[in-house]
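This report describes the architecture of a structure in two parts: the fold of one chain and its contact with another. Please consult the sequence and the model alongside the text.

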Amino acid sequence: MERMTFRLMFRKMRHHLPQLIGIGLLVMVGTAFFVTLYTIYLSYDRRANELFINQCYADVTFYGSFDEYDVAAVESSEGITLARGRIVHDFRNGDIILRAVSLTDEINIPYIHEGTLPSASNECALLKKHAQAHGTGVGDTIVLQGKSLRVTAIVASPEYVYMVQNERAMMARPDRFGVVFVTNDFFNGTYNEIAALGEITKDEAEIIGESIGAARTVTQDNQVNKVLFREDLKQIRTFSYIFPLVFAFLIVMVIYVMIKRTLALERRQIGVCKALGMTEGRLLLLYIAQTAVVALLGAVFGCVAAALLCDTIIGFFSVMFEVPGLAYEFYPVLCGCVILAFMALSAVSVLIGARKVLSPMPAELMRPRMPSGGKQILLEKAAFLWKRLSFNTRYALKSALRNKGRFFAVLLGMCGSCALLTFALGFFNSAEYTQTAYFDGFANYDVMMEISPMPMEMAHPVEEKFDVINRALMIPVKIDGDEYPLLVVEENFDMQRIDTSRIRDGVLIPRHYARKWNVEAGDTLRINDADVTVTAVFEQNFGLSIYTGYDYVKEIIRDFVPVYNVIFARGADISELKDLSLRYSFSYSTLPDDKNSFASLMESLNTLIWFMLACAVILGLTVLYAVGLMNLSSREYEYMFMGVMGYSLKNIMNAHIKETLIQLVIAIPFGFALGYGILNVVKTAFSSDNFVLSAAIYNESYAYAGIAVILMSALVAVVSGFYVNRLNIVEGLKVINE
Amino acid sequence: MNLYTLQSLSKDYGEGDSLVRALRNVNLEIPSGKFVVILGASGSGKSTLLNMLGCMDNPTSGRIFFEGTDITSYNKRQMTQFRKTTIGFVFQSYNLLPDLSAIENVEISTEMAGLSRKDAEYALALVGLSERAGHFPGQLSGGEQQRVSIARAIAKRPRVLLCDEPTGALDFETGIKILEVIKQIHMEQGTSVLLVTHSQEIAKIADIVIRMRSGEIISVTGNAEPVEPCEVVW
């Protein structure tokens, strides 16, 4: 761009500075939101994978009872490069579950934050999150099964990026669950796990597992820790796109409206430039460069804001996962791409708005524009109604529809802001609703105990301690090559609200599975090698399982022996459970514990919700103000003329407010619908085989979102009032040529 | 060779009931190096003709030859190039870019034509506005603005200067000064000048006067003894 054109570009920018600042602000917030979350996504992916690789996260883990021969057999198997036996045992101490894990050389190596790994049976390494929750440090002592252990290291583990006990448990609170790494001689007895490294498929791993009599074989990709990692990555990435997409759409709209208005005002100047020999391309560049410069500045500031915000957001994500070294990292390619994308977006918006306006011949551009032909609006055709409206109302209605571009830009600003507010509040509601739906609606037990399998005719000693119990059998089954839990229950099962009358003739499946497998009630589903009937589909948010009865399960599993390995119970003092679990050696989880864990997890999302709400308000205010100002300046002469005719500020503002009301009446319902739509997209990303988020937006959230948009519009109307009040009638009428 | 040769040139605006025939079958030859005045009342088609000659607009039919080259066959890029290098425009309402100072308004034209800042400064000096170079159009009087407009037109040393009612928005004294500047440039630089006006008096300064009415040429007459601008009274 030549020097004068460059200078002209910057000087012209002064004329629509508020709009340009608005565009810059939208770009900045959109960039900050996207870069923050995408940086976290990239950093988390990178750091977690580094942890998995550097600390030799086991590729496959076999569960059962093993000796050294089994370990050797695994190690000599094709595809396996290294195998180690270990003992893992959960100890309950009051409300706290401590999982003791014997250290294995070269596999699942703890990452040392501080200290050195234990070398004697009275030493241990403690997982950082649990240590932090209890203020435990290196040199302190913890008690495990009556033994005092000196903490020699605070560590992270590739297996415990997430504090989850097992596939069916909720994410545990770090103060209630911890992992303690001990030396092999802490335990006496046979191994209950073999961890192995190697490049093998799931099927190959299962063949090895069968050969050593493993009860379960789990590859790294199917470990709950890895599954949660993958799902969180997906969720963070999905979240990163939503707001910037809405912002990008509105940026295009604001630029389009602004450029149309600017070009209409500068029509004659454009003609002059063309008469002087300026090409259309150069003229286009002149206008593209203005918004591109603003987009560049906005995006750069957005990247800087992201750098400042990242660690705060990582801070609240760290409630969910812990990866050493996870902190803000500068990704130049990401920032560069975002900056270029926003610049390109602004350029395309100008191109769309300006291409046609710039193409006429100079003589045509320099002639005064022909006034656009007046047209009746739809309401005018209803003469009976139209005649009854006041002049002021008729003026407001016609004004609203006079410039469709600006009208729709304001409408979209209101709608977008309302949608994002509805979504942010709705996301919070959904978490609350999901919690209530499961813990107060679906689950009807106090405690769930996992015991060693027992024949149905034998009663477990713990049963007599409770008022009501239900037995069930939890077994893994295969559907489309993947394992899913099948819960076999008796017909009187009432610990979870499922329709037990349907378990005789088939299986009941959660709606999430139904969508995933594309089946409905009445369809046939292939489980293991059997075709079974789906008798019902129901809503389940946590611990998703397929349900069937003890009679029908024989259709799925040949030679089925009726046993139970799960006891659901209610109506007893659960404080006794600790002693009972030690005495009868079973693990258990209580509903209040799970509820608390989920509630604390949801609390950590508050920061993100506030971040989203702030973005939605910025979006609404910016669009309404930027487009509103364009509206005002384009009607400046009209308002001044109305002033000459004796219209008071009140009359003018009445018309202005009526126009805003028309827009609000249209925009708010669409905003609600769009917000609900966004929530449903996010809901899908947030749902997995372990957890399903139910989309719910409470009435008060709709009310808050609507009120917020109305308040924003009111604020802009007040500013407009000041603007109209300041108009100088005499001076204004002198400059009517543009 | 003639500067311009026009063959059956017509220009229509609008269509149907609102059709306006601005130029009707104009045939004309304009020699090179002359001071030509196109004279006519408002709506006679003189400005439309000037726009056609400057490649500012496309004719509905007919041809315009500039020094033997058919400029009506030019594409957009060639028309832009023609305006940039060959034509200088002076408009009735000055049409300066309000965001650029006087010197910058001239410089934008020289820059596009690949000339230097010195050419812009020289042109501004030629119209006697060197001291007001840093002022913006809003800070200049009407006469000063028109002089900047002339400087902008001549700075790129065009072959033809097209002036559309250059004195139309000015008072008498200032108008005379502007005509003097245009005449001076014509004399000193040998630039062909085509000046549109509705004033019979101004027509007296021309070598050739083309009279128009209702989109048609009604006469082309030569002035044996053109008067000096300072002798004109209107």
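## Overall fold of chain A

A residue is buried if 20 or more other C-beta atoms, placed from the backbone, lie within 10 Å of its own. By that criterion, 44% of the 738 residues in chain A are buried. The model is predicted, so that local features need pLDDT of at least 70 and side-chain atom pairs pLDDT 80 or more, while totals for chains, interfaces and linings use all residues. Residues are numbered from 1 along each chain as its sequence is written, with chains lettered from A and ligands numbered from 1 in written order.

Chain A contains 23 helices and 20 strands, taken as DSSP runs (H or I, at least four residues, for helices; E, at least two, for strands). Its C-alpha trace spans about 100 × 60 × 45 Å along the principal axes. Of the contacts in chain A (C-beta atoms within 7 Å) with a separation of 6 or more, 84% join residues 24 or more positions apart.

## Interface with chain B

In chain A, 19 residues are in contact with 19 residues of chain B. Helices α1 (3-13), α7 (267-275) and α10 (362-366) of chain A each supply at least two residues to this side, and α1(A) gives the most, with six residues.

By class, the side of chain A that touches chain B has nine nonpolar, three polar and seven charged residues. Here Ala, Val, Leu, Ile, Met, Phe, Trp, Tyr, Cys and Pro count as nonpolar, Asp, Glu, Lys and Arg as charged, and the others, Gly among them, as polar.

Key: Contact = placed C-beta atoms within 7 Å. Buried ≥ 20, exposed ≤ 12 C-beta atoms within 10 Å, placed from the backbone.
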